[in-house]
Structure formats: C-alpha cells, structure tokens
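Here's a quick briefing to read with the model open beside you. Start with a look at the fold, then work through the points below.

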Amino acid sequence: MKLLLNENIGGSVVAFLRDAGHDVAWVGESFPGVADKVVIAKAFREGRVLVTKDKDFGEFVFKGGMPHNGVILLRLSDDGSAATIRTLDAVLSVVASRPKPFFVVASETGMRIRPAT
C-alpha cells in the first residue's frame, strides 16, 4: 500500500512498513515541520493513505472537505513503536481491500472505519 506517515510516527515504524513491502514516504524524512494541510494535500497528490496521530486531520476531512485517499488516525494509549506497529499492521490488513477514501480511528483494542468523501 502507498502510505505517507506523518512526522509523529517514528522511524522504526517506517522501517517496519518498508520491510513489509509498503511504499512509504515519511514527513520526518522528506519535509519535517511542514503544515498539516500541505501533508494531506501531498498524500492526495501522490495517491497515498495518510497515517498520523494528529486529530486535526479529521477536521480537514470532515469539516473542511479536503480531498484525500484515506486517513488512518492512531489513538494509542501506548505511544511506543511496538504498539504502533501492532495496531497499524492490523489496520492495514483490514483496509487493504477497502474502497478509498476511508477514515480509520484505531487503538490497541479496535478500529472504526468509515467511508469519507
């Protein structure tokens, strides 16, 4: 899957996803400090699903109507890489066959997926 990871996602998660065969771009590597609206626009232009821990992207999608290919919002009580990897791995296995765009809110205990246009 083509993903854009926000800079609030750690480098070890990026490495895991790349090793798993995903096409991953990372804000922390390519353009750190850029505004969130630039991040979601870049993800859309490049056909990537955005992965973030920043709730602002829900506002951009649902209230602002910004175009996107999908957003995965991680709401984890454990912010460590291992929990992030486990949760994201589970989410990606579910959304891989779903039509885009979608908006996912995921935690260690489950996920909510809704279509988002």
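What follows goes from the overall fold to the helices and then to a few single residues.

This is a predicted model, so keep that in mind throughout. The protein has five helices and six strands, and from the N terminus on they run β-α-β-α-α-β-α-β-α-β-β. Its radius of gyration is 13 Å, close to the 13 Å that the globule rule gives for 117 residues, so the protein is as compact as a globular protein of that length.

**Overall shape and surface**

- The C-alpha trace spans about 35 × 30 × 25 Å along the principal axes of the protein.
- Of the 117 residues in the protein, 44% are buried.
- Take the contacts between residues at least 6 apart in sequence: 46% of them join residues at least 24 apart.

**Helix α3 (residues 36-45)**

- Four residues of α3 are buried, namely Val-39, Ile-40, Lys-42 and Ala-43. They cover an arc of only 160 degrees around the axis, so they sit on the same side of α3.
- Note that a lysine, Lys-42, is on that buried list.
- Lys-37 and Arg-45 are exposed, and they sit on the face of α3 turned away from its buried side.
- As for partners, the buried residues of α3 pack against the strands β1 (2-5), β3 and β4 and the helices α2 (27-30) and α4.
- Ala-41 is also in α3, but it counts as partly exposed because its relative accessibility is 25%.
- Ala-41 and Met-66 are 25 residues apart along the chain, and their C-alpha atoms are separated by 8.0 Å.
- After α3 comes Gly-47, with a positive phi near 70 degrees.

**Helix α4 (residues 56-63)**

- In α4, the buried residues are Phe-57, Gly-58, Phe-60 and Val-61. Their arc around the axis is only 160 degrees, which puts them on the same side of α4.
- The buried residues of α4 pack against α3 (36-45), and also against the strands β3 (49-52), β4 (71-74) and β5 (102-107).
- Val-61 belongs to α4 and is buried, with a relative accessible area of 1%.
- Val-61 and Glu-108 are 47 residues apart in sequence, with 23 Å between them in space, C-alpha to C-alpha.
- Gly-65 follows α4, and its phi is positive, near 65 degrees.

- Val-13 has its place in helix α1 (residues 11-19). It counts as buried, because its relative accessibility is 2%.
- What does Val-13 touch, leaving out residues up to four places away in sequence? The list is Leu-5, Ser-81, Thr-84, Ile-85 and Leu-88.
- Val-13 and Asp-78 are 65 residues apart in sequence and 14 Å apart in space, going C-alpha to C-alpha.
- Over in helix α2 you'll find Glu-29, which counts as partly exposed at 46% relative accessibility.
- The C-alpha atoms of Glu-29 and Leu-5 are separated by 9.7 Å, and the two residues are 24 apart along the chain.

**Backbone points to check**

- As a reminder, most residues other than glycine have a negative phi, and most peptide bonds are trans.
- The peptide bond from Lys-100 to Pro-101 is cis, with omega near 0 degrees.
- Pro-101 has its place in the loop between α5 (81-95) and β5.
- For positive phi, look at the glycines that follow two of the helices: Gly-47 after α3 and Gly-65 after α4.

How values were computed. Residues are numbered from 1 along each chain as its sequence is written. This is a predicted model: local features need pLDDT of at least 70, side-chain atom pairs count only at pLDDT 80 or more; totals for chains, interfaces and linings use all residues. Side-chain values use heavy atoms; hydrogens and water are left out. The radius of gyration is taken over C-alpha atoms; the globule rule is 2.2 Å times the number of residues to the power 0.38. Buried means under 20% relative accessible area, exposed over 50%, partly exposed in between (1.4 Å probe, protein chains only). Contact means heavy atoms within 4.5 Å. The arc is that of the directions from the helix axis to the C-beta atoms.
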